[in-house]
Amino acid sequence: GEARVEKVIEWLSMSDDKRPHMITLYFEDVDTATHIHGPGSPESIAAIKRTDGHLQKLMTGIDNTAVADSTYVVVVSDHGQGTFIQDQPAFVIEDVANLDEMVVVDHGTSAFLYLQEPNPERAQKVRDAINASWRHGKAYLRQDTPTDWHVPADSDFADVILQAEAGYSVTSTNSLVGHRNAGDHGWARDDKDMHGIFLATGPRLPKGKRISKLNNIDVYPLMMEVLGLPITTPIDGSAKLLPDLLTPKVEF
């Protein structure tokens, strides 16, 4: 982590003709610790402290560069982290549906079923069999998923998508039962444990302002506005929510 921060500071210290205009940086410590040991565990708390140290080193390093007054820093987590209800067994798909000639992608909190050959009738039968038996989750055909999932009906998404209720799990086969992480994500976004963070600072952003909930996809328009780049393709995020926080750009 420290080496990555040092490299970012090195890049920001370059001359104008070489310095990058946008740099991305990822710290995996908290994700790894909470998956293996669970959120709230001593190991996860230690990982948070380490990551906080990396961010402190980053902010201090930026303050010591010539571009400190024109640099924006955006900090997000790509997801939250929750725990499984320990005495609740996983829902096993193969107990209620034939998975032959299917590719199944297991995520613990969700599962994705891909038919090797198009077969809408079979997809519907599999969905119905799952929903007739599963008390703590729901299966959807790709075209019937909630609109806020933004799953195009004519896309290459899975034919059948399974979403477990918060705290519950799903797996394709009995052989995978018991292989759950201590902490996980992928439950529906209305579960507060799935919520992440958004922190941002920069010359055109208000100091100390707290905003309401947003989606991670809403961050992209803010970055494009700061970079002075047009958005030329359709996007799912709000094009106004975060850019509206910016004070007018000062032209020199």
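Modeller: Start with pairing: two strands pair if DSSP finds at least two bridges between them. This is a predicted model, so read every value below as computed from it.

Biologist: Where is there a hairpin, and which residue in it takes a positive phi?

Modeller: Look at E3 and E4. Their hairpin has 3 residues between the strands. Gly108 takes a positive phi there, near 85 degrees. The two strands pair in the antiparallel sense over 5 bridges.

Biologist: How do I read a whole sheet? What is the order of the strands in the open sheet?

Modeller: Strands of a sheet pair through backbone hydrogen bonds, either parallel or antiparallel. Here 4 strands form an open sheet in the order E3-E4-E6-E5. The pairing is antiparallel.

Biologist: Which are the edge strands?

Modeller: E3 (102-106) and E5 (137-141). Each of them pairs on one side only. From one strand to the next, the twist averages 15 degrees.

Biologist: How many bridges join E4 to E6, and how many join E5 to E6?

Modeller: E4 (residues 110-115) and E6 (residues 160-164) are joined by 4 bridges and run antiparallel. Leu113 has Val160 of E6 as its bridge partner. Ser110 stands opposite Gln163 in E6. On the E5 side, 5 bridges join E5 to E6, again antiparallel. Leu141 stands opposite Val160 there.

Biologist: Is E6 mostly covered or uncovered?

Modeller: Mostly covered: 5 of its 5 residues are buried. Val160, Leu162 and Ala164 point one way from E6. Ile161 and Gln163 point the other way.

Biologist: Which helix lies across E3, E4, E5 and E6?

Modeller: Helix H4 (residues 120-133). H4 runs at about 170 degrees to E5.

Biologist: Now the core. How many residues has the largest nonpolar core?

Modeller: In soluble globular proteins, nonpolar side chains tend to be buried together. In this model the largest nonpolar core has 22 residues. Those with the most contacts inside it are Ile93, Leu113, Ile130, Trp134, Val160, Leu162 and Val170. E4, H4, E5 and E6 each supply at least two residues of this core. Another core, of 10 residues, lies apart from it and includes Val5, Ile62, Val67 and Val75.

Biologist: How do I describe helix packing? At what angle do H2 and H3 pack?

Modeller: Two packed helices are described by the angle between their axes and the distance between the axes. For H2 (residues 29-37) and H3 (residues 42-63), the angle is about 180 degrees and the axes are 8 Å apart. Angles over 145 count as roughly antiparallel. H2 and H3 are therefore roughly antiparallel to each other.

Biologist: Which residues of H2 and H3 meet?

Modeller: From H2, Asp29, Val30, Ala33, Thr34 and His37. They meet Glu43, Ser44, Ala47, Ile48, Arg50, Thr51 and His54 in H3. The residues of this contact divide into 4 nonpolar, 5 polar and 3 charged.

Biologist: Where does Leu242 lie, and is Leu242 buried or exposed?

Modeller: Leu242 lies in the segment after H5 (219-227). Buried means under 20% relative accessible area. Leu242 has 1%, so it is buried. Leaving aside neighbours within four places in sequence, Leu242 contacts Phe198, Ile211, Leu214, Asp218, Val219 and Leu222.

Biologist: Now the whole protein. How many helices and strands are there?

Modeller: The protein has 5 helices and 8 strands. From the N terminus on, the elements run α-α-α-β-β-β-β-α-β-β-β-β-α. The C-alpha trace spans about 65 × 45 × 30 Å along its principal axes. Of the 252 residues, 34% are buried. Among contacts between residues at least 6 apart in sequence, 62% join residues at least 24 apart.

Conventions. Residues numbered from 1 in each chain as written. Predicted model: local features only at pLDDT ≥ 70, side-chain atom pairs only at ≥ 80, totals over all residues. Heavy atoms only, no water. Axes fitted to C-alpha atoms, helices over the stretch in contact; angles between N-to-C directions. Parallel < 35°, antiparallel > 145°, perpendicular 65-115°, else oblique. Contact = heavy atoms within 4.5 Å. Nonpolar A, V, L, I, M, F, W, Y, C, P; charged D, E, K, R; others polar. Core = buried A, V, L, I, M, F, W, Y, C linked by side-chain atoms within 4.5 Å. Buried < 20%, exposed > 50% of the residue type's maximum accessible area, 1.4 Å probe, protein only.
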